[in-house]
Amino acid sequence: MSALSLSQLPVRVKVCEMGPRDGLQNEAGIVPTSDKIRYIDLLSQSGLALIETTSFVRPSAIPQLTDAEEVMASIDRKPGVTYVCLVPNVRGLERARVSGVNAIAVFTAATESFTKRNINMTIDDSLAAFRDVVKAARADGMWVRGYISTAFGCPYEGRVPVEAVVRVADRLAEMGIDELSVGDTIGVGTPNQVVEVAGALQEHLPVERLAFHFHDTRGTALANVVAALQMNVTIFDSSSGGLGGCPYAPGATGNLATEDLLYMLHGMGIETGVDLEKVRNASRFIGGVLQRDLVSRAYNALEAQLLRA
Ligand code: MG
């Protein structure tokens with residue numbers, strides 16, 4: 001497809017909240033379980049349709065997320081909200097199932113060196129492992145999301161060819177995943193690349209199932225969202241407050257902030273069903289727990305207004 005003009009953009013967007021898992025996993029501090037639960041419950045009240053909640057990886061692998069069972073048992077699950085948990089293998093799926101999880105995510109990448117260092121597998125091995133996970137999850141009636149990291153650039157391989165993304169996307173689509181989230185893990189993508197990747201992927205899976213996961217490391221995340229909207233993409237990942245740094249650029253911003261995304265979309269007349277004030281309340285809470293300033297520009301602008309009032 002060719003890019004839509006600004007007056008033809010989609011009227012509604014689904015915002016997928018990454019703060020509790022992707023965000024907190026990339027924070028230096030370890031958040032007490034009760035505070036994670038409170039944070040997720042606050043986010044649940046905002047109208048977000050999807051919250052990435054935790055990860056059923058081997059507990060020793062990610063010290064920030066050893067409490068997956070406890071978190072899933074204790075959050076107040078609101079009807080209409082999809083609580084997604086990362087699952088790396090069949091053992092993780094079994095733990096998720098016992099915890100009453102009904103939406104999972106599997107994760108691989110577009111480049112071999114990243115996949116090797118991140119999950120110690122080749123891309124093909126990771127896809128082979130996921131085939132069993134996705135099949136079992138679907139047989140159980142679970143909703144399945146797939147992630148492709150390093151879709152725009154790789155910390156080890158540099159710029160990533162579109163064909164590499166399409167190849168992995170094709171394999172995940174064949175497995176019957178419900179949604180594919182394509183990630184700019186190191187935040188190097190620019191709008192022209194987004195148009196190229198979104199255009200290529202739409203020939204392989206319905207655009208209604210395509211999400212983008214942008215990082216704002218170099219300040220291009222919102223511009224990339226607009227480019228994706230112009231390609232009719234309607235699902236975007238973000239984290240409240242902009243939680244989560246970038247392990248490949250210490251000190252830099254990682255995830256696009258949910259408040260920044262909502263501010264822009266609402267200003268453009270695009271509905272999300274999400275209450276920005278309520279997301280900001282959740283961010284304020286978790287910022288207090290982490291005892292650090294949050295990077296979201298829209299969050300900080302709102303907080304400054306509050307101080308002046
Ligand atoms: Mg991220």
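This is a predicted model: local features need pLDDT of at least 70, side-chain atom pairs count only at pLDDT 80 or more; totals for chains, interfaces and linings use all residues.
Strand β4 spans residues 103-109 and is mostly covered, seven of its seven residues being buried. In a regular strand, side chains alternate between the two faces of the sheet. In β4, A103, A105, F107 and A109 point one way, while I104, V106 and T108 point the other way. Residues of both sets are buried.

Strand β4 pairs with strand β3, residues 82-86, through two bridges, and the two strands run parallel. Within this pairing, L86 lies opposite A105 of β4. Between these strands comes a helical segment: β3, helix α4 (residues 90-98) and β4 form a right-handed β-α-β unit. Strand β4 is also joined to strand β5, residues 143-149, by seven bridges, again in a parallel arrangement. Here A105 has R145 of β5 as its bridge partner.

N120 has a phi near 55°, a positive value in a residue other than glycine. N120 sits in the loop between α5 (112-119) and α6 (123-139). T150 likewise has a positive phi, near 50°, and is a residue other than glycine. Its place is in the loop between β5 and β6 (153-154).

Are these two residues buried or exposed? N120 counts as exposed because its relative accessible area is 54%, and the cut-off for exposed is over 50%. T150 counts as buried because its relative accessible area is 0%, where buried means under 20%.

Methods
Residues are numbered from 1 along each chain as its sequence is written. Side-chain values use heavy atoms; hydrogens and water are left out. Buried means under 20% relative accessible area, exposed over 50%, partly exposed in between (1.4 Å probe, protein chains only). Helices (H or I, at least four residues) and strands (E, at least two) are DSSP runs, numbered from the N terminus. Two strands pair if DSSP finds at least two bridges between them. A crossover is right-handed if, with the strands pointing away from the viewer, the path from the first strand over the helix to the second runs clockwise.
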